[in-house]
Amino acid sequence: MSTAGPDLRAAFHLDDLPSLSRSTVDRREQLRIDPDHARALWPDARVVLVDPHGRTPVARGADGTMSLAFAPTSVLGDAIPAGAVLLGEESGTAFWAVRVPDPGEAESNDAGSGFMTADQWARAGGSPDHENWTDLRSSGADLDARSAGLLTTAVSLLNWHDRARFCARDGSEMDSVKAGWAQLCRAHRHEEYPRTDASMICLVHDGTAGDQAQVLLARQPIWPQGRYSVLAGFVEAGESLEACVARECAEEVGVDVHTISYLGSQPWPFPRSLMIGFSAVADPAQPLKLQEGEIEGARWVTRAELKEALDAGAWSHRDGAPRGVGGVGGTNFEAGAGRDLILPGGVSIARAMLEAWAAAG
């Protein structure tokens, strides 16, 4: 393995925030623990409706911009419903989120389960075909900054409430408190807070400059043919972020990395991850050893090849159509037929990392 240090010209950074890291609202804790303040703002607040698949109604501008289509609080009543979560405030307006029914199950859902009632759903404009509804995977990169931050927070919090209905200590039921940002155990009155699972995501490159510089990409067995991305993995208990980067790179593709540098981070609420981005340097001459069952293929790609693949579009596009045309989750596995290098879409921090590295040379 080469011991030469990286070319300093190869250093790069993210020029813009990743798509789901954008936000404009005030999220201070003080806003969540003042029930009188929350009640005072409720009549004029705006509500983000989120179905069990993470979809929400959106408005599309003539110029292609996309923003959330909020519901008024009048459809939920004069009092803040038990299942609502406070997302934040902006210019004196509070933004909340509530879970709404799957259109095929509207009659079986009720407010006690954390869903709007079928009547509330109809008054809020709910339609059986979910016309003009989309999710973060499909359209997160197309949303404006306020909308992206609100929907990312809404999906994160509502996912947590769906999965944490009982106390981890004694199994008793939990009640939502602090405007949805904590849960209180009925049996012993201790609080639980939303969980976030830290995951490193690392762009490994050879430390050189120019169009012949190389980046290491890999693919999972379940991905569509030709789809590649950077390396990623969860941080283990008692492990530092830097140690996780080194371990995961060695485990997944068998390379030793050095010059580990922080790039940025992005929430990834599927269901509760925080992607923490790094770059690292490795030697392309070191043989690749793929982790069985996790990595189906890995390859070094030149900067020139990467630029060409970036220009060709993302894996979530199909036949030139914009993101959001696919089914739930925006997983258009048909995308990129005939291409041998398809890259992640703009909603992922992986795309931002690859674009930044490509532009650095």
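Modeller: This is a predicted model. Helix α6 (residues 303-312) packs against helix α7 (residues 349-360), and their axes are 10 Å apart at an angle of about 130°.

Colleague: Which residues meet where α6 contacts α7, and how many of them are nonpolar, polar and charged?

Modeller: From α7 come R351, L354, E355, W357, A358 and A360. The α6 side supplies R303, L306, K307 and L310. By class, the contact has four charged residues, no polar ones and six nonpolar.

Colleague: Which strands does helix α4 lie across?

Modeller: Helix α4 spans residues 145-163 and runs at about 20° to β9. The sheet concerned is open, with three strands in antiparallel pairing. The strands that α4 lies across are β8, β9 and β10.

Colleague: Which strands are at the edges of that sheet?

Modeller: The strand order is β8-β9-β10. An edge strand pairs on one side only. Those strands are β8 (174-177) and β10 (191-192).

Colleague: Which residue of β9 stands opposite S176?

Modeller: β8 pairs with β9 (residues 182-185) in the antiparallel sense, over four bridges. Opposite S176, the residue in β9 is Q183.

Colleague: There is another sheet, with the order β3-β2-β7. Why is one side of β3 and of β7 left without a neighbour?

Modeller: The sheet is open and has three strands in antiparallel pairing. β3 (66-68) and β7 (133-134) stand at its edges, so the reason is that each has a single partner strand.

Colleague: What stands opposite P57 in β7?

Modeller: Strand β2 (residues 56-60) runs antiparallel to β7, and two bridges join them. Across from P57 is W133.

Colleague: How many residues lie between β14 and β15 in their hairpin?

Modeller: These strands pair in the antiparallel sense over eight bridges, with G264 opposite G277 in β15. β14 covers 258-268 and β15 covers 273-281. The number of residues between them is four.

Colleague: Which peptide bond is cis, with omega near 5°?

Modeller: The loop between β14 and β15 contains P271. The cis bond is the one from F270 to P271.

Colleague: Where is S91, and what is its phi near?

Modeller: S91 is in the loop between β5 (85-90) and β6. Its phi is positive, in a residue other than glycine, and is near 50°.

Colleague: How many aromatic pairs does a search of the whole structure find, and what geometry do W42 and W96 have?

Modeller: The search finds four pairs. The ring centres of W42 and W96 are 5.6 Å apart, and planes over 60 degrees apart count as edge-to-face. Their planes are at 85°, so this pair is edge-to-face.

Colleague: How many residues apart are W42 and W96?

Modeller: W42 sits in the loop between α1 (35-41) and β1 (46-50), whereas W96 belongs to strand β6 (residues 93-99). The pair links distant parts of the chain, and the separation is 54 residues.

Conventions: Residues are numbered from 1 along each chain as its sequence is written. This is a predicted model: local features need pLDDT of at least 70, side-chain atom pairs count only at pLDDT 80 or more; totals for chains, interfaces and linings use all residues. Side-chain values use heavy atoms; hydrogens and water are left out. Two strands pair if DSSP finds at least two bridges between them. Contact means heavy atoms within 4.5 Å. Axes are lines fitted to C-alpha atoms, for helices over the stretch in contact, and angles run from 0 to 180 degrees between N-to-C directions. Ala, Val, Leu, Ile, Met, Phe, Trp, Tyr, Cys and Pro count as nonpolar, Asp, Glu, Lys and Arg as charged, and the others, Gly among them, as polar. Rings of Phe, Tyr and Trp (its six-membered ring) pair if their centres lie within 6.5 Å; planes under 30 degrees apart count as stacked, over 60 as edge-to-face and the rest as tilted.
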